[in-house]
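Dear colleague,

Please find below the structure that I am handing over to you.

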Amino acid sequence: MLRSRIAGIGMYVPGNVVTNNDLKKYMDTTDEWIQERTGIKERRYAHRTEETTTTMAVEAAKVAIERAGITATDVDFIVFATLSPDYYFPGCGVLLQRAMKMKEIGALDVRNQCSGFIYALSVADQFIRTGTYKNILVAGSEKHSFGIDFSTRGRNVSVIFGDGAGAVVLQPTESNDQGILSTHLHSDGASAEILAMYNPGTHANHWMEQSLADFDDAEIGEMFMSHKMLDGAQIFPFMDGPSVFKKAVVKFPEVIMEALNQNGYKPSDLKMMIPHQANLRISQFVQQKLGLSDDQVYNNIQRYGNTTAASVPIALCEAWQEGKVKDGDLVCLAAFGSGFTWASALLKW
Ligand code: UT7
């Protein structure tokens with residue numbers, strides 16, 4: 001049976017380290033609050049003008065491609081996950097294809113926020129299993145630092161997020177001891193607006209708290225992006241953190257157990273669980289719920305914050321680089337986030 005395996009993995013984080021105390025320059029917050037509520041000590045911010053979501057993904061992809069023992073021209077498909085694309089359109093996939101001088105291959109953009117990388121991996125997995133492609137580059141990258149509210153008004157969101165990128169090369173294998181065993185994707189759009197960036201968008205504000213009566217004709221004519229949106233900070237991500245937290249701690253264990261049950265495993269069989277780095281308290285809750293030991297769960301949110309679509313490949317890459325994931329090890333990737341969407345992937349490294 002044909003399966004896909006991760007043949008190479010790479011990551012990139014910008015050199016600029018931003019500590020919790022650094023954020024106090026912009027907003028009313030404390031190192032104590034951030035560490036206690038999220039576990040985060042510092043995060044990386046991309047260079048404001050010289051780095052983009054795509055350029056960071058290119059750096060991660062170069063490493064993944066080299067480690068897979070191929071060249072950029074061998075890549076036959078791209079799947080790129082991000083919520084912070086360089087442009088509203090086109091997506092980052094084609095920008096990566098151009099930057100890496102790849103052939104005129106397909107480039108697919110995935111918009112599933114925190115679950116984006118696992119969704120992207122799942123799409124790539126299907127193409128490999130059917131024999132359609134042989135070297136798929138799957139990237140997750142975010143430049144959050146360019147699109148968050150650094151005033152006290154936005155502090156519940158802005159202190160959490162960081163920039164970075166991760167990438168893998170997926171290749172086919174016929175081995176029973178290696179590769180992606182299964183992926184599990186879910187969504188519940190009922191709460192789509194509680195973790196979202198509404199603008200720019202084509203919704204014309206119909207669902208927002210403000211009624212259309214609050215806008216004059218000229219503003220309705222420019223609902224895509226208006227001065228009122230800018231003045232009201234409606235161009236930044238919105239998050240009802242506690243509601244997200246409550247759902248996350250239910251759906252993370254559920255989707256991990258779904259992956260284990262489908263393949264006849266139990267939590268104690270896991271060598272490593274790589275949760276999306278949303279909040280250290282969420283990871284610890286999931287760990288406790290599944291009865292996992294400290295060395296079965298990998299966390300690096302302390303150093304990078306929440307890098308959304310990049311967090312799972314960055315954490316997996318570091319776990320592997322540190323020798324915590326070895327050939328044949330059972331590894332579960334899991335994520336939950338905006339949408340809501342949530343997902344898991346069970347693999348043998
Ligand atoms: O990866 C995408 C998915 N996202 C998540 O999974 C995030 C899930 N949610 C969370 O991680 C947490 O809800 C947060 C870390 C976002 C917030 O932590 P919390 O313990 O849920 O705090 P809260 O939002 O209930 O706010 C508690 C207090 C509020 O003050 P009052 O109303 O009690 O006076 C906030 O205004 O903390 C205040 N606060 C802050 N104080 C200092 C909010 N942000 C900050 C801040 N610094 N950065």
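What distance separates the centres of domain 2 and domain 3, taken over C-alpha atoms? The two centres are 36 Å apart. The model is a predicted one, in which local features need pLDDT of at least 70 and side-chain atom pairs count only at pLDDT 80 or more, while totals for chains, interfaces and linings use all residues. Residues are numbered from 1 along each chain as its sequence is written, and side-chain values use heavy atoms, with hydrogens and water left out.

The domains

The assignment divides the protein chain into domain 1 (3-173), domain 2 (179-191 + 239-348) and domain 3 (198-235). Such bounds come from an automatic or database domain assignment.

The sheet

Helices (H or I, at least four residues) and strands (E, at least two) are DSSP runs, numbered from the N terminus. Five strands form an open sheet in the order E1-E7-E6-E4-E5, and their pairing is mixed. Strands E1 (3-12) and E5 (106-110) stand at the edges with a single partner strand each, so one side of each has no neighbour in the sheet. From one strand to the next, the twist averages 20°. Two strands are said to pair if DSSP finds at least two bridges between them. Strands of a sheet pair through backbone hydrogen bonds, either parallel or antiparallel.

Both kinds of pairing can be illustrated here. Strand E6 (residues 136-142) and strand E7 (residues 164-173) run antiparallel and are joined by seven bridges; Leu137 has Val169 in E7 as its bridge partner. E4 and E5, in contrast, run parallel and are joined by five bridges, and Phe80 has Asp109 in E5 as its bridge partner.

Is E4 enclosed or open to the outside? Five of the five residues of E4 are buried, so this strand is largely enclosed by the rest of the structure. Here, buried means under 20% relative accessible area, exposed means over 50%, and partly exposed lies in between (1.4 Å probe, protein chains only). Phe77, Val79 and Ala81 are buried on one side of E4, and Ile78 and Phe80 are buried on the other, so that both faces are covered. In a regular strand the side chains alternate between the two faces of the sheet.

Helices across the sheet

Helix H3 (residues 53-67) lies across E1, strand E4 (77-81), E6 and E7, and runs at about 125° to E1. Helix H12 (residues 311-321) lies across E1 and E7, at about 90° to E1. Axes are lines fitted to C-alpha atoms, for helices over the stretch in contact, and angles run from 0 to 180 degrees between N-to-C directions. Contact means heavy atoms within 4.5 Å.

Helix H5 (residues 116-129) has 14 residues and reaches 20 Å from its first C-alpha to its last, close to the 20 Å expected at 1.5 Å a residue. The expected span is 1.5 Å times one less than the number of residues. Because 10 of its 14 residues are buried, H5 is largely enclosed by the rest of the structure. Among the buried residues are Phe117, Tyr119 and Ile128. Gly131, which follows H5, has a positive phi near 80°.

The loop between E5 and H5 holds Ser115, which counts as buried at 0% relative accessibility. Its side chain makes a polar contact with the side chain of Thr341 (2.9 Å). A polar contact is a pair of N or O atoms within 3.5 Å; within protein, one must be able to donate a hydrogen and the other to accept it, and residues adjacent in sequence count only if both atoms are side-chain atoms. Leaving aside neighbours within four places in sequence, the residues in contact with Ser115 include Phe336 and Trp342. Gln113 is also placed in the loop between E5 and H5; its phi is positive, about 50°, although Gln113 is not a glycine.

Other backbone features

The peptide bond from Phe89 to Pro90 is cis, with omega near 0°, and Pro90 is in the loop between E4 and helix H4 (92-99). The bond from Asn199 to Pro200 is likewise cis, with omega near 0°.

Yours sincerely
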